[in-house]
Amino acid sequence: MELAISVIAGFMILGAIYAIHARDLLSAVIACGIVGYSLVICFLLLKAPDLAIVQIVVETITLIIMVAVVLDSSREEAYGKFDRRAWITAGTAVAILFALFWFMWMASADLSPLGDDTLRMANAYIDGAVESTGSVNLVTGVVFDFRGYDTLGEATVLVTAVLGVLTILRIRGRKG
Amino acid sequence: MTAYWLCFILFLTGLYGVITRRNLVKIAISLSVMEFSCFLFLALTGYREGGVAPIVDVAEPVQTYVDPLPQAMVLTAIVIGLATTAMLMAVIIRIYRKYGTFDIREIKNLRG
């Protein structure tokens, strides 16, 4: 199981690297789709069917939005010359990455191996959840019953985002 | 443990893209790559060896289930990720229509 997930995660990393370095923006967006759809397979392997369904829908919508934006433009990645400022940025990035890598190295001692034990918190959600929520799908039980206010907040965020998108796309700029 | 490390490397890839790229669309893509790595990490922490998907079969209830709590949280996070991405792309397309470029350095140099 861990091998399969590692292989797919490797593909995701390759797709992400290609997406960052592609010259054509359309190929970059489609390479981003590789990452998203590989994540769907990972969710299926990790026994999370609800997540896989949601992710496949969301990824498709995201891809459509991104392709619409990119097709509306010149699609060219603006490559300037690799000057001193670009070197400074790249150096900063590598320094930050190494710092984070060191933190992960220290934190990895506390991580339990994959698939070893459940979090203590989860037992309260698993035991007797069917009787108290009436839902045989435990994820639905958590989302709509134990964490109902969380879901309400999520819906609020979604509505706010839709209103924001409508507002941004409808206003007219000063120069048209 | 390999899966956790690869997941972390995926996060670093996205972070590198956010810091070094100058194209707004590439920055948005890198942000969603970082998002995906976080989802994968949370789903990995919830996995349990030999567990089944957290859907209770009433006829045969004694089984090992995968942890439903991280899954519920990732479900919320995925939808919010869609909302932020849509917002970001709307802002980006407005910027492109005003300035005619995705390059953040050029946009900074122009007077707006």
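A disulfide here is a pair of cysteine sulfur atoms within 2.5 Å. This is a predicted model, where local features need pLDDT of at least 70 and side-chain atom pairs count only at pLDDT 80 or more, while totals for chains, interfaces and linings use all residues. Residues are numbered from 1 along each chain as its sequence is written, chains are lettered from A in the order in which they are written, and side-chain values use heavy atoms, leaving out hydrogens and water.

Start with C7(B) and C38(B). The sulfur of C7(B) has its closest cysteine sulfur in C38(B), 7.6 Å away, so that is too far for a bond. Across all chains, the search turns up 0 disulfides. C38(B) comes out as partly exposed at 36%, the class between buried and exposed, the latter being over 50%.

Next, select chain B together with chain A. Here 76 residues of chain B are in contact (heavy atoms within 4.5 Å) with 94 residues of chain A.

Now zoom in on R97(B) and D72(A). They form a salt bridge, with the closest N and O atoms 3.6 Å apart; the term needs a side-chain nitrogen of Lys or Arg within 4 Å of a carboxyl oxygen of Asp or Glu. The count between the two chains is 1 salt bridge.

Conventions:
Buried < 20%, exposed > 50% of the residue type's maximum accessible area, 1.4 Å probe, protein only.
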